[in-house]
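Biologist: Please take a close look at the aromatic side chains. Then follow the strands and charged pairs around them.

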Amino acid sequence: MSNDPVVLKSNKYGLTLQLDATLPFEDLIRKVCEKFAASADFFGETSMILETVGRDLSSEEGLILIQAIELNSKIKIILLNENNELKDTRMLGQIDKFYKEDIFENAKIIRGSVTKEQIIESDSSIIILGDVKSKATVKAKGNIIVMGELNGMAYAGYPDNSGCYIVAGELNSSNIQIGAINGAIRLQEKWSLRVHKKEKEPIGITVWNRELLAEPLSSGLLRRIK
């Protein structure tokens with residue numbers, strides 16, 4: 001067994017970080033900085049999902065860990081998987097869970113963007129680590145998560161499961177369908193009236209009273225989906 005307090009291992013979806021559970025956190029972060037600075041050329045410029053094992057991290061510690069990695073490499077951490085809980089790093093500390101399913105077993109992951117006129121389909125759920133470009137189409141029997149901009153067509157819950165949802169880092173499309181429900185997307189009233197609404201923030205879209213309802217993830221939308 002390695003005595004190294006920080007061990008890097010690749011996995012199918014990104015990188016697993018084995019962390020020492022006893023080392024003071026400040027010392028652990030220093031080791032993380034040294035490890036990723038030394039490996040920067042090996043990894044190059046990339047986006048990935050980070051999994052941490054061996055140590056429980058608070059939301060604040062998770063953010064510090066991600067910052068340490070990104071400042072000492074050209075890696076962009078898009079999702080953090082800690083103790084089988086997947087979190088959008090932009091919303092870390094603001095939502096309990098980004099995705100309710102066992103994402104690694106049930107979701108199709110697209111590394112990068114779905115380009116113009118490209119069609120992506122899945123018998124389960126889909127996670128896109130980039131954008132969905134204009135005139136591109138994404139269709140899933142389950143949920144759809146777009147880490148970047150959603151400009152094209154997204155159809156979740158195909159063909160008739162209205163219990164699914166769509167999440168986008170930035171929503172610029174009106175061509176959205178969940179199950180058999182499509183048409184205009186209604187902004188949740190409290191959000192549309194907020195004075196201090198952020199210009200850009202991750203958006204969740206669900207079906208409510210047979211219409212599409214959009215709301216920022218920070219409002220706790222996904223926690224209320226049963």
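Modeller: Phe 36, Phe 42 and Phe 43 make up one aromatic cluster. This is a predicted model, where local features need pLDDT of at least 70, side-chain atom pairs need pLDDT 80 or more, and totals for chains, interfaces and linings use all residues. Residues are numbered from 1 along each chain as its sequence is written, and side-chain values use heavy atoms, without hydrogens or water.

The structure holds 3 aromatic pairs (ring centres of Phe, Tyr or the six-membered ring of Trp within 6.5 Å; planes under 30 degrees apart are stacked, over 60 edge-to-face, the rest tilted). Phe 42 and Phe 43 are one of them: centres 5.2 Å apart, planes at 75 degrees, so edge-to-face. Phe 42 is exposed at 70% relative accessibility, while Phe 43 is buried at 19% (buried is under 20% relative accessible area, exposed over 50%, partly exposed in between; 1.4 Å probe, protein chains only).

Tyr 155 and Tyr 158 also pair, with centres 5.2 Å apart and planes at 85 degrees, so this pair is edge-to-face as well. Tyr 155 is buried at 10%. Tyr 158 is partly exposed at 36%. Lys 139 lies over the face of Tyr 158, 4.6 Å from the ring centre (NZ of Lys or CZ of Arg within 6 Å of the centre and within 35 degrees of the ring normal).

Now the strands. Strand 9 (residues 137-140) runs parallel to strand 11 (residues 153-156), joined by 3 bridges (strands are DSSP E runs of at least two residues, helices H or I runs of at least four, numbered from the N terminus; two strands pair if DSSP finds at least two bridges). Thr 137 has Met 153 as its bridge partner in strand 11. Both strands belong to an open, mixed sheet of 5 strands, ordered 7-9-11-13-14. Strand 7 (119-122) and strand 14 (181-182) are its edges, each pairing on one side only.

Gln 118 sits in the loop between strand 6 (107-110) and strand 7. Gln 118 is partly exposed at 31%. Beyond its neighbours within four places in sequence, Gln 118 contacts Ser 113, Ala 136 and Thr 137 (heavy atoms within 4.5 Å).

Elsewhere, strand 16 (residues 203-208) has 5 of its 6 residues buried, so the rest of the structure largely encloses it. Strand 16 pairs antiparallel with strand 12 (residues 166-171) over 3 bridges; there Val 167 stands opposite Gly 204. Strand 16 also pairs antiparallel with strand 17 (residues 211-216), over 6 bridges. Strands 16 and 17 form a hairpin with 2 residues between them, and Asn 209 in the turn has a positive phi of about 55 degrees. Trp 208 has Glu 211 as its bridge partner in strand 17.

Glu 211 also forms a salt bridge with Arg 186, closest N and O atoms 2.7 Å apart (a side-chain nitrogen of Lys or Arg within 4 Å of a carboxyl oxygen of Asp or Glu). Arg 186 is in strand 15 (residues 185-187) and Glu 211 in strand 17, so the pair ties together parts 25 residues apart in sequence. Arg 186 is partly exposed at 29%, and Glu 211 is partly exposed at 30%.

The whole structure has 6 salt bridges. Among them, Arg 30 meets Asp 27 at 2.8 Å between the closest N and O atoms. Arg 30 and Asp 27 are 3 residues apart in helix 1 (residues 25-38), about one helical turn.
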